[in-house]
Amino acid sequence: MTERKPPGVPFESWVDKQIQDAAARGEFDGLTGAGKPLPAEVDSSYDELWWIKRKMAREGWSVLPPALALRKEAEDALAAALEAPSEYAVRKILTEVNAKIRDMMFRPPPGPPLGKKPYDVEAVVEEWRERRNTPPADAERPAP
């Protein structure tokens, strides 16, 4: 904005006119969050990094170090495996997370150590069977 306030016009009136003119030109149309209430802050204390945290949450970035994120993913995978509908699904879930755990074990991770080892697939399958009272099934399933 290069326009200067004319002499004798109160500052508030001049600013209000600038806003009204911009709104009439449609410069505020299509802004992110238009017509929505401002998000409520859970913590009322001031955090100077609030905008970074909000951007990370909005864009789905993890705030955990890779080892801690994998630890959470491994725990979630184990829970999902124990609730899986079939033995094949249990094996698939655990095989995928075990590959990630092995990867992390053999390269030095940034941040704290992982503190996890690959799951014993057969032991988890056995626990899954016990929870469901399911007899053993063929472990091998043809690839799709």
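**Close-up 1. How H4 and H5 cross in this predicted model.** The axes of H4 and helix H5 (residues 121-132) approach within 10 Å, and their crossing angle is roughly 145°; axes here are lines fitted to C-alpha atoms, for helices over the stretch in contact, and angles run from 0 to 180 degrees between N-to-C directions. Helices (H or I, at least four residues) and strands (E, at least two) are DSSP runs, numbered from the N terminus. The H4/H5 crossing is right-handed (a crossing is left-handed if the near helix is turned anticlockwise from the far one by less than a right angle, and right-handed if clockwise). On the H4 side, the contact is made by Glu87, Val90, Arg91, Leu94 and Asn98, and H5 brings in Val121, Glu122, Val124, Val125, Trp128 and Arg129. Contact means heavy atoms within 4.5 Å.

**Close-up 2. Asparagine 98, in helix H4 (residues 87-105).** Asparagine 98 counts as buried because its relative accessibility is 3%; the cut-offs are under 20% relative accessible area for buried, over 50% for exposed, and partly exposed in between (1.4 Å probe, protein chains only). Skip its neighbours within four places in sequence, and asparagine 98 touches Pro118, Tyr119 and Val121.

**Close-up 3. A nonpolar surface patch around leucine 49.** Tyr46, Leu49, Trp50, Trp51 and Ile52 make up the patch, and together they have about 580 Å² of accessible area. Areas come from the Shrake-Rupley method with a 1.4 Å probe, and for residues only the protein chains shown count as cover. Patch members have over 30% relative accessible area and no salt bridge; like charges are joined within 9 Å, nonpolar side chains (Val, Leu, Ile, Met, Phe, Trp, Tyr) within 5 Å. A salt bridge would be a side-chain nitrogen of Lys or Arg within 4 Å of a carboxyl oxygen of Asp or Glu. Leucine 49 sits in the loop between helix H1 (11-25) and helix H2 (50-59), and it is partly exposed because its relative accessibility is 40%.

**Close-up 4. Valine 15, in helix H1.** With 27% relative accessibility, valine 15 is classed as partly exposed. Its C-alpha atom is 8.6 Å from that of lysine 5, 10 residues away along the chain.

**Close-up 5. The chain as a whole: 5 helices and 0 strands.** Buried residues account for 19% of the 144 residues. The accessible surface is about 11400 Å², with 58% of that belonging to carbon and sulfur atoms.

**Notes.** Residues are numbered from 1 along each chain as its sequence is written. In this predicted model, local features need pLDDT of at least 70, side-chain atom pairs count only at pLDDT 80 or more, and totals for chains, interfaces and linings use all residues, while side-chain values use heavy atoms, leaving out hydrogens and water.
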